[in-house]
Amino acid sequence: MSPRIAADDAAITAWLDGAVNFERSGAFAGIRLERIARALAALPTPPAPCTVAGTKGKGSTVRLIEAALLAQGVPVLAFTSPHVRSVRERWRWDGVPIDVTSLADACDAVAALEERLGEALTWFERTFAIACLLARARTGTHFLVEVGLGGRLDCANALDAQVAVLTHLSHDHRDILGPTLEHIAREKLAVARAGRPLLIAPQTPAGAAAIRAVLAAPGAPTPAVRWIDPPSAPFALALPGAHQQDNAATALAAAATVHPGLDVAAARRAMATATLAARCQLVVRAGRRLVVDGAHNRESIAATLATAAGLLRPGWRLIIALAADKELAEIAEAIPADLAVTRCGYSSPRARCEPDWLPAQRAWPWHDSIAAALAAQPAEADVCVTGSLYLAGETLALLGEERLDG
């Protein structure tokens, strides 16, 4: 029998890191559902989740659903990825990252399960199995799950969703999910179940057309579809950015579907105070204002820059770092030609290296780290830092920002 995992962050991280990690390697073609399905069959059955898929806005939407449900006085376990500062952010009990003792106990249970099955789970499968155990631990828990990549082959799809939510659809991971929006929609809509609610956030015309084509195809899932309209009156939100309005409308509809009889006024008040690390997070240090965000495609970069323009003073500058699989040409289209841009590296094997940017982007200065990139900016200039959420985590650590809320 394996020794117990110590109740400290380093020991938990070391145990997780002993597993194959597709999230860090980017070898997503190796993802399969059979192994996690066998593991879940040997565990107590968790509550049917509210599963949130999509290209953009998944983490924010889960956070807003969570806030709305907590305002009803019901227990909530939210599972999201990736984390920004601490791995414990991936599991939130009632809006707070999981405590280290409860997490260590769940890790022990999953390690014991692997021994019984004679089969090692991957890094992400371990985290998902932990989430299922935690969600099962308290009676009446609402279980919220953010889909990591796609949907069809994500661990979340090993469970039958009580409610499926599709956030904004756009291009990302086309090397894995397929070349068109219709291919991407097909992968993400696989989390929906026949006869069960599917809530679809406001979409671009192209995104809506792709979703309708998939739903109309022979053999497609036949969920109870509800298209969410953009809000007619703006939500009061602590999460910055006009793009959060559609997320809020979608989240409120999802919370009301998950929890019939939802007190909408209480839900909206709670949503108004919900925050999430590295979602256009404003940090002020030594008179400088910084917006720290994770954005990984053209649409999300455009939304980030629009938000930054409203939060930062004129003359602000952009620092960007991206994973190697992100679509540079499309992302560059969202960056104004007159914006001062600096590229940098971050600590991940998936990080894009200096020579691997497009020729036109190599005119932007390069630094190996966010610390060097920030130090190179004029002292009086505000800065937007965006791209990988791993870069956002390194930035917040460098700034001494300790908040762990998502």
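User: Which elements do the buried residues of α15 pack against?

Analyst: Bearing in mind that this is a predicted model, the general idea to start from is that in soluble globular proteins nonpolar side chains tend to be buried together. In helix α15, which spans residues 389-398, the buried positions are Leu-389, Leu-391, Ala-392, Gly-393, Thr-395 and Leu-396. The buried residues of α15 pack against the strands β9 (281-285), β10 (288-292), β11 (317-321), β12 (341-344) and β14 (383-387), and also against helix α14 (370-375).

User: Which residue caps the N-terminal end of α15, and what phi does Gly-400 take just after the helix?

Analyst: The N-terminal cap is Ser-388, with a side-chain oxygen placed 2.9 Å from the backbone nitrogen of Tyr-390. Beyond the other end, just after α15, Gly-400 has a positive phi of about 75°.

User: What is the order of the strands in the open sheet of six, and which of them stand at the edges?

Analyst: Strands of a sheet pair through backbone hydrogen bonds, either parallel or antiparallel. Here the six strands follow the order β9-β10-β14-β11-β12-β13, and their pairing is mixed. The edges are taken by β9 and β13 (366-367), each of which has a single partner strand, so one side of each is left without a neighbour in the sheet.

User: Which charged residue lies over the face of Trp-227, and where does the charged end of Arg-126 sit?

Analyst: Arg-212 lies over the face of Trp-227, at 4.2 Å from the ring centre. The charged end of Arg-126, for its part, sits over the ring of Trp-15, 4.2 Å from the centre of that ring.

User: How many aromatic pairs are there, and how is such a pair described?

Analyst: A pair of aromatic rings is described by the distance of the centres and the angle of the planes. With ring centres required to lie within 6.5 Å, the count comes to three aromatic pairs. One of them, between Phe-79 and Phe-124, is tilted, at 5.7 Å centre to centre and with 55° between the planes. Since Phe-79 belongs to strand β2 (residues 76-79) and Phe-124 to helix α6 (residues 123-136), this pair ties together parts that are 45 residues apart in sequence. Both partners are buried, Phe-79 with a relative accessible area of 1% and Phe-124 with 15%. Phe-79 also pairs with Phe-128, in an edge-to-face arrangement at 5.7 Å centre to centre and 65° between the planes. Because Phe-128 likewise lies in helix α6, the pair with Phe-79 of strand β2 ties together parts that are 49 residues apart in sequence. Phe-128 is buried as well, at 0% relative accessibility. Together with Trp-91, the residues Phe-79, Phe-124 and Phe-128 form one aromatic cluster.

User: Which residues have the most contacts inside the largest nonpolar core?

Analyst: The largest nonpolar core has 58 residues, and those with the most contacts inside it are Trp-15, Phe-79, Trp-91, Phe-128, Ile-130, Leu-134 and Phe-143. Helix α6 gives the most to this core, with 10 residues. Leaving aside residues up to four places away in sequence, Trp-91 touches a set of residues including Leu-16, Phe-79, Ile-98, Ile-130 and Leu-134. Apart from this core lies another, of 32 residues, among them Leu-64, Leu-144, Val-165 and Ala-254.

Definitions and conventions: Residues numbered from 1 in each chain as written. Predicted model: local features only at pLDDT ≥ 70, side-chain atom pairs only at ≥ 80, totals over all residues. Heavy atoms only, no water. Phe/Tyr/Trp six-rings, centres within 6.5 Å; stacked < 30°, edge-to-face > 60°. Helix = DSSP H or I, 4+ residues; strand = E, 2+ residues; numbered from the N terminus. Buried < 20%, exposed > 50% of the residue type's maximum accessible area, 1.4 Å probe, protein only. Lys NZ or Arg CZ within 6 Å of the ring centre and 35° of its normal. Core = buried A, V, L, I, M, F, W, Y, C linked by side-chain atoms within 4.5 Å. Contact = heavy atoms within 4.5 Å. Polar contact = N/O pair within 3.5 Å; in protein donor to acceptor, adjacent residues only side chain to side chain. Pairing = 2+ DSSP bridges.
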